[in-house]
Amino acid sequence: MTPQARRDDLISSALDLFGSRAPELVTVDDIVAHAGVSRPLFYRYFPSLRELREQALRTVTDGLVDGLATLEEGPPAVRVRAAVRGLIEVVAHHRAGYVALLRSGSVIATSDTDAAIDEVRDRAVQLILESLGIAEPSPLVLLTPRCWTAVAEGSLLSWLQEGTVPRDDLEGWLCDQLTAMLAATKAHEG
């Protein structure tokens, strides 16, 4: 296995384990057992467990940014809905990592993970503005997708943890929330 493949395997093993317990409860021994490697090999690739956790969570944020990378063709409503659908798919795929990343008070929270979260938020805002054809938003228009992103984060976190809302309903509701927020902004800008 190449060094990059081994590193990726260790990250994948950590993310798999995050699916069954909180990242701060996953130990080096858990990860090496899951990956089928030795502790010294683990430390060859990661100087600490914290570094592996940060890299694993960075994998999640990179997946979110990649999932938001392109717009679907069509009218704004179709494009926004596709972006929301993509966000939900990526969040569902990286469920445990997403929960760990956004859970308040997480021991994994660092300036690097905070920067990664901000990158995802910025990309979501940019994508919404692009889908609406807005190149130079007013302060209120810019504030709208920023606020919606906070709503989406909290909603997705609750959805993952509680699982009470069907995915299609969540998708439609988040799109309707954004539409309503944009309508309120438009009314205030008159």
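Predicted model: local features only at pLDDT ≥ 70, side-chain atom pairs only at ≥ 80, totals over all residues.
Trainee: Got it. What does UniProt list for residues 27-46?

Mentor: The UniProt record, an unreviewed entry, lists them as "DNA-binding region". Such annotations may be inferred rather than shown by experiment.

Trainee: Okay, let's look at helix α2. Which of its residues are buried?

Mentor: Helix α2 covers residues 28-35, and V28, I31, V32 and A35 are buried there. Looking down the axis of α2, the buried residues fall within an arc of 95°, so they line one face of the helix.

Trainee: And what comes just after α2?

Mentor: G36, which takes a positive phi of about 70°.

Trainee: Back to I31. Which residues is it in contact with, leaving aside neighbours within four places in sequence?

Mentor: I31 is in contact with L10, S13, A14, L17, V26, F42, L49 and L52. I31 also matters for the next topic: together with F42 and L156, I31 touches the most other members of the largest nonpolar core, which has 47 residues.

Trainee: Which helix gives the most to this core?

Mentor: That's helix α4, residues 49-67, with seven residues.

Trainee: Changing topic: where is E171, and is it buried or exposed?

Mentor: E171 is in helix α9, which runs over residues 167-189. E171 is buried, because its relative accessible area is 6% and buried means under 20%.

Trainee: What does E171 touch, not counting residues up to four places away in sequence?

Mentor: E171 touches R81, V84, R85 and I88.

Trainee: Nice. Now the whole protein chain: how many helices and strands?

Mentor: Nine helices and zero strands. The C-alpha atoms fill a box of roughly 65 × 35 × 30 Å along the principal axes.

Trainee: How much of the chain is buried?

Mentor: Buried residues make up 43% of the 190 residues. The chain exposes about 9,900 Å², and carbon and sulfur atoms supply 53% of that area.

Trainee: Last one: what share of the contacts with a separation of 6 or more comes from residues 24 or more positions apart?

Mentor: Those residues account for 68% of such contacts in the protein chain.

Terms used
Residues numbered from 1 in each chain as written. Heavy atoms only, no water. Buried < 20%, exposed > 50% of the residue type's maximum accessible area, 1.4 Å probe, protein only. Helix = DSSP H or I, 4+ residues; strand = E, 2+ residues; numbered from the N terminus. Arc of directions from axis to C-beta. Core = buried A, V, L, I, M, F, W, Y, C linked by side-chain atoms within 4.5 Å. Contact = heavy atoms within 4.5 Å. Areas by Shrake-Rupley, 256 points an atom, 1.4 Å probe, with all protein chains shown as cover.
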